[in-house]
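Dear colleague,

I am passing on the structure we talked about, together with notes on what was found in it.

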Amino acid sequence: MDNSLDMQFSAGGKDLKYVGKRTKRPDGVDKVTGRAQFGADTRLPGMLHGKILRSPHAHARIISIDTSKAEALNGVKAVVTRDDFEDRESEFVPAGEMMVNYRDMVRNIMAREKVLYDGHAVAAVAATSIVIARKALKLIEVEYEVLPHVINVVDAMAPDAPVLHDDLITDGVDPKPTKGSNVAKRIEFKLGDVAAGFAQADEILEKTFDTKPVHQGYIEPHACLASFSESGSADLWCSTQGQYLVRAHCSKLLGMEISKLRVTPSEIGGGFGGKTVVFLEPVALALSKKTFRPVKMTMTRDEVFRSSGPTSGANVRVKVGITKDGKITAAEAELKYQAGAFQGSSVQPGCMCAFAPYDLENVNVVGWDVLTNRPKVAAYRAPGAPISEYAVECVIDELAERIGMDAIELRLINAAKEGTQTAYGPKLGPVGFVEVLEAIQASDHYKAPLGPNQGRGIGVGFWFNIGGETCVSMSVNEDGTLTLITGSPDIGGSRASMCNMAAEELGIDVDKINPVIADTSSLGFNFLSAGSRTTFACGMATIEAARKAIDNMRERVAQIWEIPVESVIWEDGAARPASSNAGEFDPMTLPEIALMAPKTGGPISGHAEINAQGAGPGFGAHMVDVEVDKETGHVKVLRYTVIQDAGKAIHPSYVEGQYQGGAVQCIGWALNEEYIYGEDGRMQNSGFLDYRIPLASDLPMIETIIVEVPNPNHPYGVRGVGETPIIPGLAAMSNAISDATGLRMTELPMSPPKVLKAIKEASA
Amino acid sequence: MVKVILTGSVSQMAGGLTEMDVEATTVRQLFRHLRERFPNIESHMEDDIAVAINGTVYQDAWFEKISEDSEVHLIPRVGGG
């Protein structure tokens with residue numbers, strides 16, 4: 001952002017009329033009536049249907065691909081393979097705010113030398129019907145040399161493990177290896193002296209935890225429609241968290257100038273980080289480029305599981321030392337995260353977040369980025385943090401039990417607060433972790449009694465939150481209504497939040513503002529709707545655009561009244577004289593000013609182009625009560641409360657929605673969800689019948705407590721709330737099961753067979 | 001001179017250095033100094049780094065001011081889902 005901009009903090013200064021209110025969702029009616037257009041809903045005349053042939057092997061060299069029979073099939077219009085995508089240099093280059101290795105990306109969207117996981121794309125067909133496209137896939141002949149594969153992260157680090165990329169040399173170790181391996185990177189964060197810290201401890205606990213890869217579980221599959229013109233330009237409609245990043249990736253992979261590709265985001269049926277990358281889009285464009293006909297592609301659920309980007313599975317060792325009076329003296333962790341078939345897991349943020357909730361003097365965290373024969377991982381809300389903080393929070397909980405201290409008290413003794421030196425670098429500014437913990441203590445849930453076989457667990461979580469590049473355009477229409485154009489896909493109610501902030505600034509009814517999500521050719525660059533940035537960054541840009549529109553209107557009115565612009569103020573939706581000294585004028589409302597616009601200088605608008613800085617970190621906690629059936633191992637969730645610092649809840653309903661959604665995803669991750677592979681390295685549960693996400697009938701109402709400790713860097717105090725809710729629940733669930741059973745499980749998911757096995761082993 | 005702390009992979013990029021004194025009044029000058037001191041560092045090094053000034057994290061903010069008493073940390077850039 002322009003940091004000279006005076007972003008006056010408004011939240012504490014006056015009564016807010018729209019910010020913090022549960023206004024009507026602008027896109028609500030269309031979504032509940034089925035009118036809203038999602039990724040698979042877009043159609044064009046003459047449209048072809050694209051399908052992808054996928055690898056049946058976890059690891060194999062591609063000897064040959066023969067597409068001649070498929071191409072000869074009546075109705076088939078194009079076939080693409082690795083030969084249709086130019087190879088790219090191996091280097092990490094910036095794409096928006098992300099570092100991307102296009103050599104890996106071009107191999108992920110279409111296998112080249114080898115297939116690296118079950119479901120890896122090998123060829124694609126465009127045909128006049130889906131049936132013909134499927135028939136054509138069966139006619140493509142691929143000769144493979146099957147290679148040994150490795151699925152588990154620890155196995156993949158072994159010296160004799162099958163190696164995915166012979167030229168992958170481990171970064172961050174000294175001396176640098178001379179031979180390729182599956183270990184892409186070692187990273188380390190250090191603070192103080194952990195050996196000295198452990199020497200001061202009265203109790204030291206060290207445990208190792210395993211988590212499995214899980215999918216974001218968005219209900220809407222990946223889908224797109226690409227239309228390439230003979231002119232060399234193209235249109236792409238797709239379900240994405242960031243149309244500008246899709247444009248960047250696809251234009252690079254297709255060798256196009258960025259301006260020649262227009263990407264229009266559809267409504268999105270869930271993303272959670274999984275729709276921040278491209279899979280189908282460049283393939284559909286390549287097929288369309290060959291035929292100059294629109295090509296539509298939609299993944300099946302099986303493809304979503306096998307061929308998109310789940311999150312890492314991991315092996316995590318945590319060691320914490322503590323005094324009898326509850327002071328943590330030292331903490332260390334070693335994180336081994338699966339990256340999937342290409343480097344780039346979320347182990348780095350996992351390392352940075354692991355102990356971030358605590359004010360510690362001695363910390364050492366080591367992380368390993370490890371390749372396995374699985375799909376390349378993608379982000380899943382607060383990428384990396386749920387795994388590391390799960391392990392840490394389980395150890396903290398057990399240590400509290402060992403020293404006979406309440407788990408909240410222990411966390412309060414060690415809680416990070418303003419001025420805390422984090423292990424990952426900076427000292428924290430104002431944060432609300434202590435307030436979150438105190439809100440737990442004050443809650444009814446915390447004091448409620450438990451019955452037999454029931455237990456209560458608590459976990460906490462930290463996420464940085466981010467800002468980033470954002471454009472907003474606001475037009476004052478002839479009748480005094482406003483059109484608010486943003487470039488951030490609405491993944492969690494952002495239209496309503498933007499309207500609340502714009503209405504607050506302009507002093508007009510929120511219903512007079514119509515929010516529109518722009519395509520890439522209609523508005524300047526916007527980073528992804530990700531990283532809990534949209535309400536923060538897009539909100540800042542919206543506020544700035546509104547203030548510019550107001551300044552524009554004040555100038556018009558000043559000229560009409562023939563007084564200096566400084567003598568015109570904006571209040572309650574109208575321009576008014578600043579004082580009686582400015583003259584006697586009746587207020588001019590926004591519709592009145594809009595009506596006169598042609599005569600006072602033409603259209604009125606406000607634009608903002610910023611790179612938002614100063615995101616406020618988020619802290620949260622989950623508290624859950626469970627009942628364990630000791631005969632079946634089934635865990636029933638009885639009561640669940642999410643407590644989190646939002647900074648300022650611009651629209652409380654959508655803040656609560658983020659909290660509740662995160663809690664449900666935590667419950668699924670903790671209790672049931674996992675990628676299950678056979679000995680052949682193929683996924684065995686690539687459907688929602690066998691990969692079990694929680695259903696409404698599995699859940700109690702998720703209660704929420706919104707804590708508000710304002711972020712001083714946002715005009716209304718926003719922190720961003722989308723990431724943190726996925727973090728605390730894994731440990732909260734584990735700690736609750738431990739409380740109910742007296743058993744400490746160290747592996748996710750804690751599915752009924754595993755819980756039952758643990759109970760039986762303990763009783764034996 | 002501003003004292004700059006390097007953590008995690010940023011420290012690794014700088015050959016294990018964890019602290020350095022830099023003559024810089026802006027983030028851009030800080031990065032220029034880093035490139036001059038470590039000529040072998042990756043060309044897109046700064047795209048992978050965030051700068052925390054007095055606890056506030058900045059990403060892509062060349063012209064952000066740094067003063068002598070600022071607490072400056074170079075940390076890995078953060079994204080999200």
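In what follows, contact means that heavy atoms lie within 4.5 Å. Please also keep in mind that this is a predicted model.

On that basis, the contact between the two chains draws 36 residues from chain A and 25 residues from chain B. Together chain A and chain B bury about 2,300 Å², and 54% of this area is on carbon and sulfur atoms. The rule finds 1 salt bridge across this interface, in which the side chains of Lys427(A) and Glu71(B) meet at 3.1 Å, taken from N to O. Polar contacts join 12 residue pairs across the interface of chain A and chain B, with both residues at pLDDT 80 or more.

On the side of chain A that touches chain B, the elements that give two or more residues are strand 4 (92–95), strand 9 (183–191) and helix 10 (347–353) of chain A. Strand 9 of chain A provides the largest share of that side, with 5 residues. Sorted by class, the side of chain A that touches chain B consists of 17 nonpolar, 12 polar and 7 charged residues.

I then turned to another part of chain A. Strand 12 (residues 234–238) of chain A pairs with strand 13 of chain A in the parallel sense, over 5 bridges, and Ala234(A) stands opposite Leu261(A) in strand 13 of chain A. In a regular strand, side chains alternate between the two faces of the sheet. Strand 13 (residues 261–265) of chain A has a covered face made up of Leu261(A), Val263(A) and Pro265(A), whereas its uncovered face holds Arg262(A) and Thr264(A).

In the loop between strand 13 and helix 8 (281–291) of chain A one finds Glu267(A). Is this residue, Glu267(A), buried or exposed? Glu267(A) counts as buried because its relative accessibility is 15%, and buried means under 20%.

Leaving aside neighbours within four places in sequence, Glu267(A) is in contact with Lys31(A), Ala36(A), Gln37(A), Phe38(A), Gly39(A), Glu220(A), Ser239(A) and Arg495(A). With one of these, Lys31(A), the side chain of Glu267(A) makes a polar contact, side chain to side chain, at 3.0 Å.

With best wishes

Conventions. Residues are numbered from 1 along each chain as its sequence is written. Chains are lettered from A and ligands numbered from 1 in the order in which they are written. This is a predicted model: local features need pLDDT of at least 70, side-chain atom pairs count only at pLDDT 80 or more; totals for chains, interfaces and linings use all residues. Side-chain values use heavy atoms; hydrogens and water are left out. Buried area is the accessible area (1.4 Å probe) that two parts lose on being put together, summed over both. A salt bridge is a side-chain nitrogen of Lys or Arg within 4 Å of a carboxyl oxygen of Asp or Glu. A polar contact is a pair of N or O atoms within 3.5 Å; within protein, one must be able to donate a hydrogen and the other to accept it, and residues adjacent in sequence count only if both atoms are side-chain atoms. Helices (H or I, at least four residues) and strands (E, at least two) are DSSP runs, numbered from the N terminus. Ala, Val, Leu, Ile, Met, Phe, Trp, Tyr, Cys and Pro count as nonpolar, Asp, Glu, Lys and Arg as charged, and the others, Gly among them, as polar. Buried means under 20% relative accessible area, exposed over 50%, partly exposed in between (1.4 Å probe, protein chains only). Two strands pair if DSSP finds at least two bridges between them.
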